[in-house]
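Hi,

Here is the structure I promised to pass on. Have a look at it first, and my notes follow below.

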Amino acid sequence: MKIVVSVDASRCMGTQGCAATAPDIFRLGLDGTSTVIRTRFTAKDLSALREAEEYCPFSAIRVEVLEGGRLVTGSSGRKQDGRGKAAP
Ligand code: SF4
């Protein structure tokens, strides 16, 4: 399992919610926007990542879980059909 986390700097308004929720993962940079400060994540990080993603008021955080190179859950933990589309 690979977890990919990104912050869309064009959407981030620097509210610091993510840095408060997961200070070992997100940090505000000098430009006032959040930055992902780690490159490796484990399943133990998913709860904090999902919380940060869910409560970001500007939907700037994206958390994707890939298995075997295929996207299995995208933003907000929605399951994917393996082709990047939400499964029913
Ligand atoms: S919670 Fe969202 S808007 Fe606030 S700093 Fe983090 S990414 Fe930016």
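Of the 88 residues in the chain, 19% are buried (buried means 20 or more other C-beta atoms within 10 Å of the residue's own, exposed means 12 or fewer, and partly exposed is in between, with C-beta atoms placed from the backbone). Bear in mind that this is a predicted model, where local features need pLDDT of at least 70, side-chain atom pairs count only at pLDDT 80 or more, and totals for chains, interfaces and linings use all residues. Residue numbers start from 1 along each chain as its sequence is written.

On to the fold. The chain has two helices and five strands, in the order β-α-β-β-α-β-β along the sequence. Helices (H or I, at least four residues) and strands (E, at least two) are DSSP runs, numbered from the N terminus.

Strands S1 (residues 2-7) and S4 (residues 61-67) pair antiparallel through six bridges; pairing takes at least two DSSP bridges between two strands. Within that pair, valine 5 faces valine 63 of S4. S4 also runs antiparallel to S5 (residues 70-73), with three bridges joining them, and there valine 65 has threonine 73 as its bridge partner. S4 and S5 make a hairpin with two residues between them, and glycine 68 in the turn has a positive phi of about 60°.

Now the core. The largest nonpolar core has 13 residues, and Cys18, Ala22, Leu49, Ala52 and Ile61 touch the most other members (such a core is a set of buried Ala, Val, Leu, Ile, Met, Phe, Trp, Tyr and Cys residues joined through C-beta atoms within 7 Å). S1, helix H2 (46-55) and S4 each give it at least two residues. Beyond its neighbours within four places in sequence, alanine 22 is in contact with Ala48, Leu49 and Ala52; contact means C-beta atoms, placed from the backbone, within 7 Å.

What about the ligand? Around it are 15 residues, with Cys12, Thr15, Gly17, Cys18 and Cys56 coming nearest; to count as near, a residue needs its C-beta atom, placed from the backbone, within 6 Å.

Two loop residues are worth a look. Glutamine 16, in the loop between S1 and helix H1 (17-21), has a positive phi of about 75° without being a glycine. It is partly exposed because it has 14 C-beta neighbours inside 10 Å. Serine 59, in the loop between H2 and S4, is also not a glycine and has a positive phi near 50°. With 13 other C-beta atoms within 10 Å, serine 59 is partly exposed.

Cheers

Key:
Contact = placed C-beta atoms within 7 Å.
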